[in-house]
Amino acid sequence: MTLAAPHDLVVTQATLADWPVISGWAAAEGWNPGLSDGPAFFAQDPDGFFLGRIDGEPVSAVSVVNHGPDFAFLGCYLVRPELRGHGHGLTTWKTALAHAGSRTVGLDGVVAQQDNYRQSGFRLAHRTVRFTGTAPENGMPAGVRPAGPADFAALTAYDSACHPADRPRFLAEWLTGPGHRALVREEGGRLTGYGVLRPGHDALRVGPLFADTAEDARALFAGLTAGVAGREVAIDVPEPNTAGVALAEAAGLRPSFETARMYTGPVRSYARERVFGVTTLELG
């Protein structure tokens, strides 16, 4: 897909080779992207990433990643600071949104853009708060262990219950990415939650943190942060999950950033009460 625009902007689909440009801009905004997010993001939808260029130079970006026939997620909405205010972002946005077709689109919007998103038909579902701080001293709790290949079927089923769409291609990369620590919790041979810790530009990132109960979530968080005491860690918690907020606060983390989860329409029912930490603000 290619679209010519005023000021000689041309919008085309991005490739995985372009990801360092997009993630570099995100890092400059203080969003703390993961160091190895690209392969998992593109595995979900390799056609869902877009760059606007002027004379071949990237100036704008956005992703609209299709998660299935009914749901897509928008993220990575970025324009080089010195070139803002010229319509490049809006042109890139419109081109990318066409990729979603008739799907409901979700996003996690920064405060400065939320009014613009409302004007584009997005409606607030809830606030999400990023908690950051130094990881506490933890050991590996009972019932928590590393995820392995034999867990994949159970993990994808559990993840699907906690997310508006199935995403096995994404998970296959996310669970095994460089530097990623994926843990599961079991009780009586039954999966009661899972979580992933990954390295970011500015802090270690916890996401997702999905669990049946607050006790399961606390155990997983302790396992994920075992061995990294004193390092900066961050987790994005949906504000309605008061137990998730309490978990982050009890770990000594403090609010540092907020977004709004917004949708253009209905999404399938999922276990919102199990979402103690959002997977990633870029893909939901």
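The dialogue below goes through a few features of this predicted model.

Q: How is a pair of aromatic rings described?
A: A ring pair is described by how far apart the centres are and by the angle of the planes. Here there are 13 aromatic pairs. One of them joins Phe71 and Tyr263, with 6.2 Å centre to centre and 55° between the planes.

Q: Is that pair of Phe71 and Tyr263 stacked, edge-to-face or tilted, and what makes it so?
A: It is tilted, because 55° falls between the cut-offs of under 30 degrees for stacked and over 60 for edge-to-face.

Q: Where in the chain do Phe71 and Tyr263 lie?
A: Phe71 belongs to strand β5 (residues 71-79) and Tyr263 to strand β13 (residues 254-263). The two are 192 residues apart, so the pair links distant parts of the chain. 

Q: Are Phe71 and Tyr263 buried or exposed?
A: Phe71 is buried at a relative accessible area of 3%, and Tyr263 is buried as well, at 7%.

Q: Which residues form an aromatic cluster?
A: Trp19, Phe41, Phe42, Phe49, Phe170 and Trp174 form one.

Q: Which charged end sits over the ring of Tyr158?
A: That of Arg274, 5.0 Å from the ring centre.

Q: Is Gln44 buried or exposed, and what does Gln44 touch?
A: Gln44, in helix α2 (residues 38-44), counts as buried because its relative accessibility is 2%. Leaving aside residues up to four places away in sequence, Gln44 touches Val65, Asn66, His67, Asp166, Arg167, Arg169, Phe170 and Leu283. Among these, Phe170 is also part of the aromatic cluster.

Conventions
Residues are numbered from 1 along each chain as its sequence is written. This is a predicted model: local features need pLDDT of at least 70, side-chain atom pairs count only at pLDDT 80 or more; totals for chains, interfaces and linings use all residues. Side-chain values use heavy atoms; hydrogens and water are left out. Rings of Phe, Tyr and Trp (its six-membered ring) pair if their centres lie within 6.5 Å; planes under 30 degrees apart count as stacked, over 60 as edge-to-face and the rest as tilted. Helices (H or I, at least four residues) and strands (E, at least two) are DSSP runs, numbered from the N terminus. Buried means under 20% relative accessible area, exposed over 50%, partly exposed in between (1.4 Å probe, protein chains only). A charge sits over a ring if NZ of Lys or CZ of Arg is within 6 Å of the ring centre and within 35 degrees of the ring normal. Contact means heavy atoms within 4.5 Å.
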